[in-house]
Each structure stands twice: as structure tokens, then as C-alpha cells.
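Please read them alongside the coordinates.

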Amino acid sequence: MQQPMTSGATEGSALRTLRVLEAVAQPGGPHRLGEIAAATGINKPSTHRILSGLTGAGYVVGDGDGAYGLGSRAYALSATIASGEDTGGDAVLRRLQAEVDQTVHVALRSGDHAIYVRKVDSAGPYRMASRIGGVLPLHCTAIGKAILAHLPDGERTALLRNLTARTERTLTEPADLERELSRVRADGYALDDEENERTIRCMAAPLLDREGRPVGGVSISTITFQTPKESLLEHSARLVDTAALLAPLYT
């Protein structure tokens, strides 16, 4: 994390809160309380109090093990601020959407789930219900599985406890999901075949940082009765290439 920032005696609570939020957003998260306090120069009790407030408001989320990552409201705010900018990432994502003629998403990991930060809709008659700031479970979505597949073994194992069925196709046995994640690592992409929502099939590739850790993923989402599985899989190489182009913008 970044070096501690000096704190003036007259610094207001709002600025201190923003500094804590900035520390939570630093690469390599989720970050533990001690890291965040050291990065901001704010004592641990005050840092914990600020984190509690941010967590209650949805700007920060705890991972259940004493570490903190950005929450859905922080990602939604970031996406809103950037929505008017013609960034290189937006151009890459729009090019992918035009090539595959399907809805495409980018989502970033936040603790034990992921948050949509970008969406480009298909021009077709059916629109996905997904939205910027929306929360994705990891175990039954394509982006989530792309993230899980590239986590360290111990971290992944902890996240595979108490898996909940979203549809009759959701994998809820850790051993079954581990086998699926092994295939994801081998193929370079993950598939959600109506495991999160009926009639929705998605394919995703991970966004990896320089150390190979996943920070999120990019996906192509389809309606099952409109697009056969084979047609979606034809775009796998294009999706993997797009993820490689986008990754430096998010890490």
C-alpha cells in the first residue's frame, strides 16, 4: 500500500473518511485494518470506526476474516464518474460487443463477491437485468468462476464453503466446483450455463494483475433460447484477448 499521509490537526472527518476509502481501494486488497491504519496515519480505533461507517453505507465490504475491500456503492460511484469518459477500456469493451453482438460486462472482485462496473448492452430485443453496481456471487457466475479459478488454494477453499443453489444447475459441492475451476484454468475462460439465472448463459475471462492474481473479469452474456452454447463458445479466444487488453486498466 501507499506510504502514510500526514494528518493535519484541523483535518475534518470527511477528509479522514476519504483517506480510509482511498487506502481500501489500493491494489492488492482486500486489506487488513492494520494496513489501512498504517497507510492513512490514522490510529486503529479511529480507522475501525470509519470502516464501520463505510461498511454500513455500502462503500466498503468486509471479507469475514478482518480484511476490507470496496463495496457496491464505491464501484457504482466510480462507474458514474467515469461514464462520460471515452477511455481506452470503453473502446475495447464496445469493440467486443460489436464483434459478438451480445451484452458484455466488466466486474471487479470485492471480498466474497464481484461488482459490475461496466456494461454494454446488446442491440437485440431482450435486455439483461444486470446494472452497474450490481452484486454477483462468485460460485455460480462466469466472472465469479474466472476469479475463483485463479485465487490461491487456501483463499479459494475458504470461499467454497456453504455454496448456495441459485438454480437447479448450480454446483453446490466444493469438489464438483473445484473440478470445474481446474477446467477454467486450463481453457482460460469460465462458463455459467444457467447456474445463476434460468435462460442466461455467460462466458468470462479473468482480469489478472502482474502477479497473476484475479481482480475481476469480462464476460459475454446471452439468452439461451436465442444463442446456442456452441455459438457463444466460438467467441472464447476473442474474449480472452479482450481480457488481456483490459487487465492493465484495472490493476
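Which residue in E3 is the bridge partner of Arg32? It is Ala67.

1. Basis. This is a predicted model, in which local features need pLDDT of at least 70 and side-chain atom pairs count only at pLDDT 80 or more, while totals for chains, interfaces and linings use all residues. Residues are numbered from 1 along each chain as its sequence is written, and side-chain values use heavy atoms, with hydrogens and water left out. Helices (H or I, at least four residues) and strands (E, at least two) are DSSP runs numbered from the N terminus.

2. Arg32 and Ala67 belong to the pairing of E1 with strand E3 (residues 67-70). Two bridges join these antiparallel strands; strands count as paired if DSSP finds at least two bridges between them. The open sheet has three strands in the order E1-E3-E2, with antiparallel pairing. Its edge strands are E1 (31-32) and E2 (60-62), each of which pairs on one side only. Helix H1 (residues 13-24) packs on this sheet and touches E1, E2 and E3, where contact means heavy atoms within 4.5 Å. The direction of H1 makes about 95° with that of E3. Axes here are lines fitted to C-alpha atoms, for helices over the stretch in contact, and angles run from 0 to 180 degrees between N-to-C directions.

3. Strand E4. Eight of the eight residues of E4 (residues 103-110) are buried, so this strand is largely enclosed by the rest of the structure. Buried means under 20% relative accessible area, exposed over 50%, and partly exposed in between (1.4 Å probe, protein chains only). Thr103, His105, Ala107 and Arg109 point one way from E4, whereas Val104, Val106, Leu108 and Ser110 point the other way.

4. Partners of E4. Six bridges join E4 to strand E9 (residues 214-223), and the two run antiparallel; Leu108 stands opposite Gly216 of E9. Seven bridges join E4 to strand E5 (residues 113-120), again antiparallel, and Ala107 has Tyr116 as its bridge partner in E5. The hairpin of E4 and E5 has two residues between the strands, and Gly111 takes a positive phi near 65° there.

5. Strands E7 and E8. Four bridges join E7 (residues 190-193) to E8 (residues 200-208), which run antiparallel. Leu191 has Met203 as its bridge partner in E8. Ala190 and Asp192 point one way from E7 and Leu191 and Asp193 the other way, and all are buried. This hairpin has six residues between the strands, and Glu194 takes a positive phi near 60° in it.

6. Nonpolar cores. A nonpolar core is a set of buried Ala, Val, Leu, Ile, Met, Phe, Trp, Tyr and Cys residues joined through side-chain atoms within 4.5 Å. The largest has 37 residues, of which Val20, Val218 and Ile220 touch the most other members. Apart from it lies another core, of 23 residues, among them Tyr116, Leu181, Ala190 and Ala204. Not counting residues up to four places away in sequence, the contacts of Val218 include Leu93, His105, Val106, Ile143, Met203 and Leu246.

7. Helices H6 and H8. The axes of H6 (residues 142-149) and H8 (residues 174-187) come within 9 Å and cross at roughly 85°. That makes H6 roughly perpendicular to H8; angles under 35 degrees count as roughly parallel, over 145 as roughly antiparallel, 65 to 115 as roughly perpendicular and the rest as oblique. The contact is made by Lys145, Ala146, Leu148 and Ala149 of H6 and Leu177, Glu180, Leu181, Val184 and Arg185 of H8. By class it has six nonpolar, no polar and three charged residues. The classes are: Ala, Val, Leu, Ile, Met, Phe, Trp, Tyr, Cys and Pro nonpolar; Asp, Glu, Lys and Arg charged; the others, Gly among them, polar. H6 is mostly covered, with eight of its eight residues buried.

8. Helices H2 and H3. The axes of H2 (residues 33-40) and H3 (residues 44-57) come within 9 Å and cross at roughly 110°, which makes H2 roughly perpendicular to H3. The contact is made by Leu33, Gly34, Ile36, Ala37 and Thr40 of H2 and Lys44, Thr47, His48 and Leu51 of H3. By class, this contact has four nonpolar, four polar and one charged residues.

9. An exposed position. Ala244 lies in helix H10 (residues 236-250) and counts as exposed at 52% relative accessibility.
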